[in-house]
Amino acid sequence: MYAGMGVTHDGSSAERGPEAGEQDRGNAAEFLVGAARGFAGALLFALPLLMTMEMWHMGYTMTPWRMLLLVVLDLPLLVGLSYFSGFQTTPFLRDDVVDAFVAFAIGALSALVLLALFGLIGPGMSAHEILGKVILQAVPGSIGALFAQSQLGSQPAGGKGSRERRKYWGTLFLMAAGALFLSFNLAPTQEMIVIQHRSAPWQLLVLVALSLIVMHGFVYAVDFRGQARVPPGREFWSVFLRHTVVGYAVALLVSAYALWTFGRFAGNGVGAMVESTVVLGFPGAIGAAAARLIL
Amino acid sequence: MGQPDRERTPRGGGQKDASARGKSATGKSTNGKGASAKGGEGATPPHAPEISRLEWAAAALGLLLVLAAAGYLVYEGVSAPDGPPDVTVRADTIVPVHGGWLVRFTARNEGGSTAAGATIQGVLTDDGAREVEREHTVIDYLPRGSARRGGLVFRADPRRDRLELRLTAFEAP
């Protein structure tokens, strides 16, 4: 690492020649700007979770296997986000994999620094507690970092390249990512359980309907920038079923996964699980619809 | 730096002409990420932006962190003790304060799982083993392997009597 940086700053690399060194230096400068953008994104998106008490407790109460699954799932999510939402027109997956690992590094580092600044990790705490807190927070941080790298840059977001390569499954993937993002911010909180207990079955039913309406409206009706058009000649029901209903189902699945990950299903009956999934599915649906618009 | 030639000749053809490298197969030009139009030493495929060494280093760090995190979690999963919380409480200092005597303590969880709502109780007994006073406090979360600090205020002077500090109750988080 240090050798690489030395070459970058000297601009004189024996085996690459001065021109290549200059090229590398220019790319390195651009990379640093991108990395700074990544840290900004990690802050913007992960700060609510970094400052959520339940997330700190989850760091050492979550079973290691669930946290491992979360980290393992985070990587293809990052690669996919980079691939589908990046504006780079290159078809090379290598860049996306590199971006994903850089994003994880940024997420982990910003989590480490901020948790230390907040006094949430420090002396007297076991490695189990410190590592658990940092690893758990690295996941949303990495998503934020990657999102910022691809979206907050000087290039217009959701450019032609990203739209073109995205087909039906790509859209569903982005919706899942958006649902994960918003549900992740809410699933650890105690409030989800309170809402679930305060809501009568008919209220939850209305919530399902509202989720679907808002989702469809977000994407097709209210004329946001980046809004999708219903292709001419398509029936309303065709679009509604294939995009909105399927998207809501994806949001529900993602919400259930988030609740399970944070141990919110533990000891609950099937009814309570479905209820909490519907509650969290509402922000999940909003996140899914927003991802379609923004990314 | 020398990469196999096949990476340089995907889609589109016409790659023999070095000047053709400036255009992509789809006709789109690369964006501002510093594309290597020059073709340099031909290490990168055409139109893929050159990845700087710094970026490779950062990616390598990311890979290392992922592997370290995954390795640690697997280790935790395989080896983690799942016994009950087992808490030792040690009195650190005893100082006079308004309202009595402050006993500052450190509670350390040496058991296999986290104790939520860990109740730390201090009991003062005199020479005749009679209870003089009893105070308690609750620590919200006491993770396995970690320590938390707190304090109990007694009216009687704990330095004169026998002070016993221990965990008396908790709940599973």
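Is B:D126 buried, partly exposed or exposed? B:D126 is partly exposed, because its relative accessible area is 21%. The cut-offs are these: buried means under 20% relative accessible area, exposed over 50%, and partly exposed in between, with a 1.4 Å probe and protein chains only.

A word on conventions. This is a predicted model, in which local features need pLDDT of at least 70, side-chain atom pairs count only at pLDDT 80 or more, and totals for chains, interfaces and linings use all residues. Residues are numbered from 1 along each chain as its sequence is written, chains are lettered from A and ligands numbered from 1 in the order in which they are written, and side-chain values use heavy atoms, leaving out hydrogens and water.

Start with chain A. It holds 12 helices and zero strands. Helices (H or I, at least four residues) and strands (E, at least two) are DSSP runs, numbered from the N terminus. Of the 295 residues in chain A, 55% are buried.

Now look at two of these helices. Helix α4 (residues 64-85) and helix α11 (residues 236-261) of chain A pack at about 140°, with axes 10 Å apart. Axes are lines fitted to C-alpha atoms, for helices over the stretch in contact, and angles run from 0 to 180 degrees between N-to-C directions. The angle makes α4(A) oblique to α11(A). Under 35 degrees counts as roughly parallel, over 145 as roughly antiparallel, 65 to 115 as roughly perpendicular, and the rest as oblique. On the α4(A) side, A:R66, A:L69, A:L70 and A:L73 make the contact (heavy atoms within 4.5 Å). On the α11(A) side, the residues are A:Y257, A:W260 and A:T261.

Next come the salt bridges. A:E129 pairs with A:K133, with the closest N and O atoms 2.9 Å apart. These two residues are four apart in helix α6 (residues 127-151) of chain A, so about one helical turn separates them.

Chain B has its own pairs. B:E76 meets B:R144 at 3.1 Å, N to O. B:E76 lies in helix α1 (residues 53-79) and B:R144 in the loop between β4 and β5 (147-154), so the pair ties together parts 68 residues apart in sequence. B:E76 is buried, at 7%, and B:R144 is buried too, at 14%.

Finally, return to B:D126. Its salt-bridge partner is B:R130, at 3.5 Å between the closest N and O atoms. B:R130 is exposed, at 58%.

Methods: A salt bridge is a side-chain nitrogen of Lys or Arg within 4 Å of a carboxyl oxygen of Asp or Glu.
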